[in-house]
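Reader: I would like to learn how to read backbone angles and charged pairs in a model. Can you take me through them step by step?

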Amino acid sequence: MRRLPAPPRQFDPFAAAQSELNRYGLPPRPDPKTRPGEAELWDRQARRYQDFDHLDPEFDRTTADRPAVGNRALGPDPIESCGYQLTTTTSAPFTILFVTWTVPSLRFAASPFGVNHFRTFAGLGFLDVHVEMSVDSAQQVTSQLWAQGVGNVNLPVRPGDVLSASLCLNTNAAGTASYFFTNETSRQTMNFSIDTGFPPAVTVNAGVSRGDLNLPVHPLAQFGAVYFDEISAYTTAGSRSLTSGQAITMVESNGATLATPVRLTDFTFKAVYGT
């Protein structure tokens, strides 16, 4: 794992030498002639987050073994999840996923355990990032950012916050992954890299999920709608639209619909509570 120093305030990535970008764990700007989409994404993020507070990442490795949401061989399970998944071929794997979403407010649904568990998630191959949430019968809500390979991450999040995540997975033998997280509401950001050993990514996904797999019953907390937007997904062969992929409707074991994905544009969808 590489935890590099945070760039100073007013750091200008456009004027920085490659050695300076490397020092802070920032990727080089892609060639706009051969990779125009990725170059535009790099420019957009560099401008947007230039004046944000950059936090030094800290992790709770005791939570790193929690199961991910979207990295099962067949993708997110409809009994637990609602969202979209897109696949590609091994000859043109996904290397970048960028997505922005709002952490929802939750309302408790009756449960014999007195608590509902809920997540918003984004996945790139075996990489996964999600906001782990809970709400109890007193309507007390908790929220915690979690990332595959490191566990809980120290970027504060709470209901109503707008989050952005960039997940990058190199196709090298080490499976080098880079995470870039931003709380746009609090104007805080962080990044770090880790060698995962993961194979190249052939799936990307995003959405919401419910439950604690250690419990036999996990009712879905009421959440209204969660919007996922500014979605950018890139393979080694170019850009793809996540919402052109498989729509995953969350269902109860009896087939009743619990949450529905609604495509809005090539780059935006919402997960809606109920039908």
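Author: We will go through backbone phi, then salt bridges. Keep in mind that this is a predicted model.

Reader: Is Gln139 buried, partly exposed or exposed?

Author: Partly exposed, because its relative accessibility is 27%. Buried would need under 20%, exposed over 50%.

Reader: What about Arg187, which is not a glycine either?

Author: Arg187 has a positive phi of about 60°. Its place is the loop between strand 10 (176-183) and strand 11 (188-195). With 41% relative accessibility, Arg187 counts as partly exposed.

Reader: Now the charged pairs. What is the general idea?

Author: Side chains of opposite charge can pair when their charged atoms come close. The cut-off here is a nitrogen of Lys or Arg within 4 Å of a carboxyl oxygen of Asp or Glu.

Reader: How many salt bridges does a search of the whole structure find?

Author: Five. Let us read some of them.

Reader: How far apart are the closest N and O atoms of Arg35 and Glu38?

Author: They are 3.4 Å apart, and the two residues form a salt bridge.

Reader: Next, Glu132 and Arg119. What is their N to O distance?

Author: It is 3.2 Å, in a salt bridge between the two side chains. This pair links distant parts of the chain: Arg119 sits in strand 5 (residues 115-124) and Glu132 in strand 6, 13 residues apart.

Reader: Are Glu132 and Arg119 buried or exposed?

Author: Both Glu132 and Arg119 are buried.

Reader: Which side chain does Asp266 meet in a salt bridge?

Author: That of Arg263, with an N to O distance of 2.2 Å.

Reader: How do I class the exposure of Asp266 and Arg263?

Author: Asp266 has a relative accessible area of 38%, so Asp266 is partly exposed. Arg263 is partly exposed too, at 39% relative accessibility.

Technical notes
Residues numbered from 1 in each chain as written. Predicted model: local features only at pLDDT ≥ 70, side-chain atom pairs only at ≥ 80, totals over all residues. Heavy atoms only, no water. Buried < 20%, exposed > 50% of the residue type's maximum accessible area, 1.4 Å probe, protein only. Helix = DSSP H or I, 4+ residues; strand = E, 2+ residues; numbered from the N terminus.
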